[in-house]
Amino acid sequence: MLREAAAAAAGHQHFPRAALYLVATPIGNLADVSLRAIHVLSLVDAIACEDTRHSAVLLQQLGLEKPLLAVHQHNEASAAQAVLGRLALGERIAYVSDAGTPAISDPGAILVAATHAAGYVTVPIPGASSVVAALSVAGDTHAGGFRFVGFLPTRAGERQTALRDLAQATSAQVLFEAPHRIEALLTQLAGLMATRKVTICRELTKQFESIATMAAAELPGWLAADANRERGEFVVVVHGMAEQHDPQDLATGRLLKLLMRDLPLKQAVALTAEISGSARNALYEQALALKQSGPE
């Protein structure tokens, strides 16, 4: 029934042969797969995929069976040649990553570039996006556009530089983060941009999905309040910032850091709140985050 419904919805479209189809797959909830994606996956001669085991499960759930070709980050350049060989025979080939749209913070870009260079057609089959889903629920009134950052560097120096760039940006910034690094990320955001709003999305579209928006200074406390909040996959939206607020926020942060060098934490927070007019609770969370992150 599902294949018939997909064919009825998308079968009227022309799907050229000797073409690579970039098919977006669900980011967690199988019900988000599109009828057009199902039709294309049923139509192609083979499916290249990031993980053949993962994709085999998806196909089984959709009632499909196709030859699978492994094309992942460790073999993409060489595996692309096998895909080009099939395209030369006039075959339709789909490419899927484990979740979401291929070639966006996932393998696929090298394969697409090789397909273009060889003169073959590439066809996007769009679908669920964790980036767009997170932005849609952020309620960011100062976005002014957004930048997709993806995963930050793991090396300490490069990561700190990237975080400072985030703190200075006025547009919305969208990050991915792994569960074992989420605590460190939220602590760093609290220390660098205490008053900026941040939306943290965990396990988007899945059974235990949770979404929360708060000032960055409140993030460490929110995470510590429930051990389950450290589990799963994360999309973090650092909200855009109205430019006229930047100087005040930066000055308040610098003042707090200076006072913390010579005064007890509570006294430094109280003086900063009195001088700047900022909320004491937010400043206290920021001070705790600065203390945990250590001297810069």
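Author: Gladly! The protein chain has 12 helices and 10 strands. Keep in mind that this is a predicted model. Along its principal axes, the C-alpha trace of the protein chain spans about 75 × 40 × 35 Å.

Reader: What share of the 296 residues of the protein chain counts as buried?

Author: That share is 45%. A residue is called buried when its relative accessible area is under 20%.

Reader: Let me try that on one residue. Why is Ser-55 called buried?

Author: Ser-55 has 3% relative accessibility, and the cut-off is under 20%, so Ser-55 counts as buried. Ser-55 lies in helix H3, residues 52–62. Leaving aside neighbours within four places in sequence, Ser-55 is in contact with Cys-49 and Val-96.

Reader: Which residues does His-72 touch?

Author: Not counting residues up to four places away in sequence, His-72 touches Glu-50 and Pro-107. There is also a distance to look at: the C-alpha atoms of His-72 and Tyr-95 are separated by 10 Å, and these two residues are 23 residues apart along the chain.

Reader: Let us turn to the loop between E4 and H5. What makes Ala-103 worth a look there?

Author: Phi of Ala-103 is near 75°, a positive value, and the residue is not a glycine. Ala-103 sits in the loop between strand E4 (92–96) and helix H5 (109–117). Ser-105 is found in the loop between E4 and H5 as well, and Ser-105 has a positive phi of about 60° although it is not a glycine.

Reader: Why are Ala-103 and Ser-105 called partly exposed?

Author: Set each value against the limits of 20% and 50%. Ala-103 has a relative accessible area of 29%, so it is partly exposed. Ser-105 has a relative accessible area of 37%, so it is partly exposed too.

Reader: Moving on to H5, which of its residues are buried?

Author: The buried residues of H5 are Leu-111, Val-112, Ala-114 and Thr-115.

Reader: How do you know that they lie on the same side of H5?

Author: Look at the arc they cover around the axis: because it is only 165°, they are on the same side of H5. The buried residues of H5 pack against E1, helix H4 (76–88), E4 and E5. Just after H5 comes Gly-119, which takes a positive phi of about 90°.

Reader: What makes strand E1 mostly covered?

Author: Count its residues: 5 of the 5 in E1, residues 19–23, are buried. Ala-19, Tyr-21 and Val-23 point one way from E1, Leu-20 and Leu-22 point the other way, and all are buried.

Reader: How do you know that E1 pairs with E4 and with E5?

Author: Two strands pair if there are at least two bridges between them. E1 and E4 run parallel and are joined by 4 bridges, while E1 and strand E5 (residues 121–125) run parallel and are joined by 5 bridges. Ala-19 shows both pairings: its bridge partner in E4 is Arg-92, and its bridge partner in E5 is Val-121.

Reader: Which strand pairs with E7 over 5 bridges?

Author: Strand E6 (residues 146–151) does, in the parallel sense. Phe-148 stands opposite Val-174 in E7.

Key: Residues numbered from 1 in each chain as written. Predicted model: local features only at pLDDT ≥ 70, side-chain atom pairs only at ≥ 80, totals over all residues. Heavy atoms only, no water. Helix = DSSP H or I, 4+ residues; strand = E, 2+ residues; numbered from the N terminus. Buried < 20%, exposed > 50% of the residue type's maximum accessible area, 1.4 Å probe, protein only. Arc of directions from axis to C-beta. Contact = heavy atoms within 4.5 Å.
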